[in-house]
Amino acid sequence: RVLLMPVMTCPVYCRFCFRRDGVGPEGGALTEAELDAALDYIRGHDEIREVILSGGDPLMLSPRRLGVLTAALDSISRVEVIRVHTRVPVADPGRITGELIAALRTATPVYVVLHCNHPRELAPAAREAVRALVDSGIPMLSQTVLLKGVNDDADTMEALMRALVRNRIKPYYLH
């Protein structure tokens, strides 16, 4: 596995983020030369089978730029899985458009990993964004951060996990 952070901008600024010092509105995106170097690295390492796109939030990229990135990864035959870690569907669900979804469609399996910490984050607009992704054939997994006073009781965690499953998101990581 390799972690590729194409952008350091997020739709939210999470107090628990371990990259909080490097993420922000002026975090920007990799330059074309930096992205080319990252892709060359992946091409040059035969052991890499999975690419995790994170950052920041890779769904903050324009659909055009995201499509260029996923197409480049798709062209590397050894890459078997592309994972996209994101909070966009719950934090800025309007960004989940047909154009963005099309940018995620590749022959290489793409999994969208939704970062969701509380069942209330799955508001109607977020559920609609998730539905659009899943209905397009993109499987979704989740990651959750255990947060004191937010989701650290059994009832809240159960409600979150059940809400994720109801929305066709497989619970995956609990940090």
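Buried residues are those with under 20% relative accessible area, exposed ones have over 50%, and partly exposed ones lie in between (1.4 Å probe, protein chains only).

**View 1. Meet the whole chain.** This is a predicted model in which local features need pLDDT of at least 70 and side-chain atom pairs count only at pLDDT 80 or more, while totals for chains, interfaces and linings use all residues. Residues are numbered from 1 along each chain as its sequence is written, and side-chain values use heavy atoms, leaving out hydrogens and water. Of the 175 residues of the chain, 46% count as buried. Its C-alpha trace spans about 45 × 35 × 30 Å along the principal axes.

**View 2. Follow the elements of the chain.** There are six helices and six strands, where helices (H or I, at least four residues) and strands (E, at least two) are DSSP runs numbered from the N terminus. Starting at that end, the order reads β-α-β-α-β-α-α-β-α-β-α-β.

View 3. The twelve residues of helix 2 (residues 63-74) should span 16 Å at 1.5 Å a residue, and its end C-alpha atoms are 16 Å apart, which agrees. The expected span is 1.5 Å times one less than the number of residues.

**View 4. The buried side of helix 2.** Here you can find the buried residues L66, L69, T70, A72 and L73. Seen down the helix axis, they fall within an arc of 155 degrees, so they line one face of helix 2; the arc is that of the directions from the axis to the C-beta atoms.

**View 5. What covers helix 2.** Among the elements in contact (heavy atoms within 4.5 Å) with its buried residues are strand 1 (2-7), helix 1 (32-43) and helix 4 (98-104).
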